[in-house]
Amino acid sequence: MIKERGRVTVREKVNRHKSISIILLLLLTIPFMSGCWDRVEINDLAIVTAASIDKKDDGSIELSIQVFIPKSISSGGGEGGPSQGAGGATTLVKSDVGSNLSEALSKLQGKVPRKVFWGHCKVFVFGEGLAKEGIQEQLDFLLRHPQPRERANVYVSKGKGKAILESLPPLENYSGEVIKELSDLHLGLRVTLHNLDEMLTGNSQAVALPFIKILPPAKGEAKLQGIPYIFGTALFERDKMTGTMTEKETRGLLWLKDDMESYTVTLKPEGIEGLISINPISSRVRIIPYIVNGNWRVSVKVDTEGTVIQNGTKLNLTVPKSLKIAERTYQKDVEKRIRLTLLHLQGNGDDVIGLAKEFYRKYPKQFSEAENDWERIFEEMEVEVDVTSHIRRQGYINKPAGLPEKEVKDR
Amino acid sequence: MIRNVGKLLDKRKVKKADIRQPDQDSKPEDPLDASFSRNVETFRSIYDKCSDVMFRSFLLFGKTQAMIIYIEGLSDIGGMEENVLSTLMQEKTVASQPLHEFLEHKLPVSKMKRVKTIAECIESISAGNPLLLYDGEGDGFSLGLSKWEKRAIEEPVAEGGIRGSREGFIESLVVNTAQLRRIIKSPALKIQSMKLGDYTKTTVAIAYIDGLVDMSLITEITERLQRIKMDGILESGYIEEMIEDNPYSPFPQIMSTERPDVASSSLLEGRAIILVEGTPFTLIAPISFFSLLQSQEDYYQRYMVGTVIRWLRYVFMVLSLLLPSLYVAILTFHAEAVPTALLLSMAASREAVPFPAIVEALIMEITFEALREAGVRLPKQIGSAVSIVGALVIGQASVQAGLVSAPMVIVVAITGISSFMMPRYIAGIAIRMLRFPMMLLAGTLGLLGVMMGVIAIAIHLCNLRSFGVPYLSPLAPMKSRELKDVLWRAPWWMMDSRPRLTGEANLYRESPEQGPKPNRGSEEQ
């Protein structure tokens with residue numbers, strides 16, 4: 001009995017050894033079967049730094065990509081650090097046409113010897129022509145493809161987007177970088193692919209994208225050395241561009257979106273000679289929707305603090321009385337800007353601030369009933385703007401610089 | 001083929017009979033013969049063709065035959081001539097008492113032992129103690145006059161430091177145990193010795209502090225040591241490999257040190273020390289993974305410094321294991337995971353490189369290992385030449401020739417330096433070795449492979465034990481009381497409890513509440 005049991009154990013042992021060795025062999029094959037084949041070296045990647053999508057006159061889609069040329073900043077195996085040739089381009093722009101974006105891309109791939117890699121493309125530019133006819137179809141590709149980042153910035157260019165990619169900025173490595181850096185300064189709108197998707201699917205179905213164009217090169221600069229800059233906002237109804245906003249109106253939009261960061265408000269206090277410039281350092285914007293007796297109204301409450309960066313008047317701002325004057329002027333100015341923007345938006349019927357969402361959150365029932373009529377409601381809506389402003393800092397000096405003591409007014 | 005592999009594995013399992021023939025000569029347990037001449041005959045035949053064994057015969061009281069047998073170079077010839085030969089040869093009067101009593105009274109030698117068997121005699125002679133044989137009583141004396149050339153106590157080469165004792169262990173076991181005893185003067189320090197190796201008969205000593213150590217640990221170590229049956233023990237590394245818990249692990253489960261202060265601190269923590277004749281490297285058991293990352297200086301410097309340096313070491317240990325594989329994985333599979341600017345400059349520097357990143361990394365890492373190994377073996381003067389050539393070839397020429405990218409050189413350099421940050425050389429090597437499979441995994445499966453490797457290593461480490469102590473303790477299993485010596489180096493006035501290794505003997509090592517405060521000394525308590 002015991003002997004038999006022993007024999008069984010030996011046989012089991014043999015079987016176990018066999019299975020272990022089979023498992024080991026299978027495990028050994030894993031590295032060779034999977035990974036190696038989709039391995040792509042950096043040398044074989046065409047790193048896209050920016051892309052633009054235009055619509056041709058014949059209705060076809062033109063995709064242009066700005067591809068980084070590694071050789072341009074490499075030491076090329078020679079001596080010395082990165083030797084960036086003065087005129088040498090760091091990027092190259094290739095484009096091709098197709099009936100939609102993916103077809104254009106597959107054709108384009110045939111012209112680029114390396115695999116197109118979207119993982120670092122942080123700038124997508126829609127040409128004005130395409131934007132006017134609708135961007136939804138092409139957006140689908142960008143959001144579906146695993147490589148393009150959802151955090152990439154989206155822009156609309158005046159004229160063709162390809163021109164933006166082709167410019168060779170003197171300061172940055174490539175033009176995509178220029179627009180991205182400008183967006184990071186928060187001087188204009190900053191909209192990512194993800195935001196765009198949210199706005200399109202949101203309640204208001206209105207989109208605002210930064211509008212860019214090429215700043216013509218200064219005297220003495222080469223022809224292509226103009227840089228792209230954000231000069232306003234493109235307004236969309238659903239996915240079609242319907243209008244634009246100027247830079248000034250964009251500022252008001254930034255206030256409404258609570259995205260004010262670094263720009264200077266220059267004011268002229270009433271009845272006083274000279275100008276005061278103020279930098280907002282913090283702001284808090286609350287948009288409160290309410291429905292009273294069937295009247296849809298919205299109240300915008302802005303709480304802002306600023307710092308004086310230039311005082312061209314003779315006012316001594318350390319005196320509360322004078323400070324009050326400056327604060328009141330500041331408050332009026334902000335209010336005016338916001339009203340200007342709202343007026344424009346309401347005139348256009350583009351709810352890019354997302355008021356629809358605010359109403360939907362607070363009054364879901366009423367909103368659902370009135371949803372189809374939203375555009376009219378928005379256009380006729382009463383808006384209260386309530387700005388509270390304070391000046392908290394005055395920089396290194398208190399009294400106006402270079403002014404004799406007796407000329408400083410304490411009022 | 002698979003069946004054959006199975007068969008091979010099966011064959012291995014068959015236990016081999018012990019067919020080794022141990023050293024036959026030294027076996028005899030026979031007692032010494034009553035006849036002096038027959039004894040001399042025996043020893044002459046045992047030490048046949050041993051030109052270093054000296055036989056010096058003389059007469060006691062002018063008539064009794066006597067002989068001294070010793071090994072040249074192992075015994076103090078001056079002492080022998082002065083204290084033994086001259087005393088005995090000048091003695092003319094026949095003693096009235098028995099001869100062995102007379103010799104014990106007469107000889108001015110402090111360490112004398114009466115020996116009765118041939119085996120004892122051989123042991124005495126081999127140890128350098130001259131054997132005194134005389135006619136009549138069938139016994140002899142082992143005279144404690146051994147003396148041989150040994151190295152002076154020097155600063156330990158492999159474990160230097162800024163602060164702390166500069167003494168290191170040497171090759172002589174007696175000197176080493178004396179150094180331990182000089183630090184720990186309490187009689188609770190016990191040193192038990194045994195002889196291992198059929199031919200070398202190496203003395204191996206287990207040191208521990210009675211009352212601090214768990215005695216079952218000592219029993220276990222003794223048992224494992226006694227299982228060793230081999231020709232010779234030349235270094236403590238032999239023993240280390242023979243008594244480890246898991247022989248198939250790249251990680252050392254027993255630590256070696258050549259510093260008496262490190263050995264003493266281990267003793268005070270309730271660990272055991274194994275000293276081996278002929279090597280300055282003594283073994284410490286049991287240990288945990290974190291012991292390998294602690295250096296004696298952590299405890300000598302201020303505790304904040306100690307803590308910061310310890311964390312620096314942890315970070316660089318991870319780097320030395322993972323940096324090249326992460327670099328390879330990100331470069332070949334996850335180009336989107338690096339910041340754009342960095343990717344562009346890496347792409348630019350890799351532009352001219354003809355190899356895939358994994359090949360490039362392997363080439364560089366292997367070259368670095370080769371250079372390091374060459375530098376260790378070579379004499380100092382040539383070693384510097386090697387490092388110059390290495391730095392020039394690896395660092396500059398290969399980048400200029402476009403064979404290797406500059407970031408890769410930086411990665412290899414950081415990895416190389418970080419692997420030298422491990423205070424225990426052997427642990428650094430273990431990590432360095434694991435780097436290569438990790439790189440292969442990274443080159444084939446990307447970050448997924450790296451994660452698989454890390455998980456496999458973590459599982460292995462959790463599984464490992466050193467003389468029953470979990471290798472990752474006190475982190476896993478978690479012992480919050482002991483984290484004070486892992487997550488940071490607690491100041492000495494807070495290091496109140498001893499690490500719990502295998503038992504709970506004598507848990508506290510200092511009185512509580514000793515934190516220094518101003519005026520403390522002059523105040524009455």
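Start with helix α10 of chain A, residues 320-348, which has 29 residues and reaches 42 Å from its first C-alpha to its last, close to the 42 Å expected at 1.5 Å a residue. Before going further, note that this is a predicted model, and local features are described where pLDDT is at least 70.

Which residues of α10(A) are buried? They are Ser322(A), Ala326(A), Glu327(A), Tyr330(A), Val334(A), Arg337(A), Ile338(A), Thr341(A), Leu342(A), His344(A) and Leu345(A). Their cover includes the strands β9 (240-245), β10 (265-267), β11 (276-292), β12 (295-311) and β13 (382-393) of chain A, along with helix α9 (247-256) of chain A. After α10(A) comes Gly349(A), with a positive phi near 75 degrees.

Now α9(A) itself. This helix is mostly covered, with 8 of its 10 residues buried. Those are Glu249(A), Thr250(A), Arg251(A), Gly252(A), Leu253(A), Leu254(A), Trp255(A) and Leu256(A). They pack against β7, β8, β9, β11, β12 and α10 of chain A. Just past the end of α9(A), Asp258(A) has a positive phi of about 60 degrees.

In the contact between them, domain 1 of chain A supplies 19 residues and domain 2 of chain A supplies 19 residues.

Which elements give two or more residues to the domain 1 side of that contact in chain A? They are β7 (206-215), β8 (227-237) and β9 of chain A. The largest share of that side, 5 residues, comes from β8(A). By class, the domain 1 side in chain A has 9 nonpolar, 9 polar and 1 charged residues.

Moving to chain B. The domain assignment there gives domain 1 (36-143), domain 2 (173-287) and domain 3 (301-470).

One open sheet of chain B has 5 strands in the order β1-β2-β4-β5-β3, with antiparallel pairing. The edges are β1 (53-60) and β3 (112-115) of chain B, each of which pairs on one side only. On average, neighbouring strands of this sheet are turned by 25 degrees against each other, direction ignored.

As a reminder, strands of a sheet pair through backbone hydrogen bonds, either parallel or antiparallel. Here β1(B) pairs with β2 (residues 64-71) of chain B over 8 bridges in the antiparallel sense. To place that pairing on the sequence, Ser57(B) has Met67(B) as its bridge partner in β2(B), and Arg56(B) has Ile68(B). The hairpin of β1(B) and β2(B) has 3 residues between the strands, and in this hairpin Phe61(B) takes a positive phi near 50 degrees.

Helix α2 (residues 36-46) of chain B lies across β2 and β4 (131-134) of chain B, and runs at about 145 degrees to β4(B).

**Chain B: the sheet of β6 to β10**

Further along chain B there is an open sheet of 5 strands, ordered β6-β7-β9-β10-β8, again with antiparallel pairing. Its edge strands are β6 (189-196) and β8 (255-257) of chain B, each pairing on one side only. The twist averages 25 degrees from one strand to the next.

How many bridges join β6(B) to β7(B)? There are 8, and β7 (residues 202-209) of chain B runs antiparallel to β6(B). Within this pairing, Lys190(B) has Tyr208(B) of β7(B) as its bridge partner. Helix α7 (residues 215-226) of chain B packs on the sheet and touches β6, β7, β9 (272-276) and β10 (282-285) of chain B; the direction of α7(B) makes about 170 degrees with that of β7(B).

**Chain B: where domains 2 and 3 meet**

The C-alpha centres of domain 2 of chain B and domain 3 of chain B are separated by 34 Å. In this contact, 15 residues of domain 2 of chain B touch 13 residues of domain 3 of chain B. On the domain 2 side, the elements giving two or more residues are α7 and β8 of chain B. That side has 9 nonpolar, 4 polar and 2 charged residues.

Terms used. Residues numbered from 1 in each chain as written. Chains lettered and ligands numbered in written order. Predicted model: local features only at pLDDT ≥ 70, side-chain atom pairs only at ≥ 80, totals over all residues. Helix = DSSP H or I, 4+ residues; strand = E, 2+ residues; numbered from the N terminus. Expected span 1.5 Å × (residues − 1). Buried ≥ 20, exposed ≤ 12 C-beta atoms within 10 Å, placed from the backbone. Contact = placed C-beta atoms within 7 Å. Pairing = 2+ DSSP bridges. Axes fitted to C-alpha atoms, helices over the stretch in contact; angles between N-to-C directions. Nonpolar A, V, L, I, M, F, W, Y, C, P; charged D, E, K, R; others polar. Domains from an automatic or database assignment.
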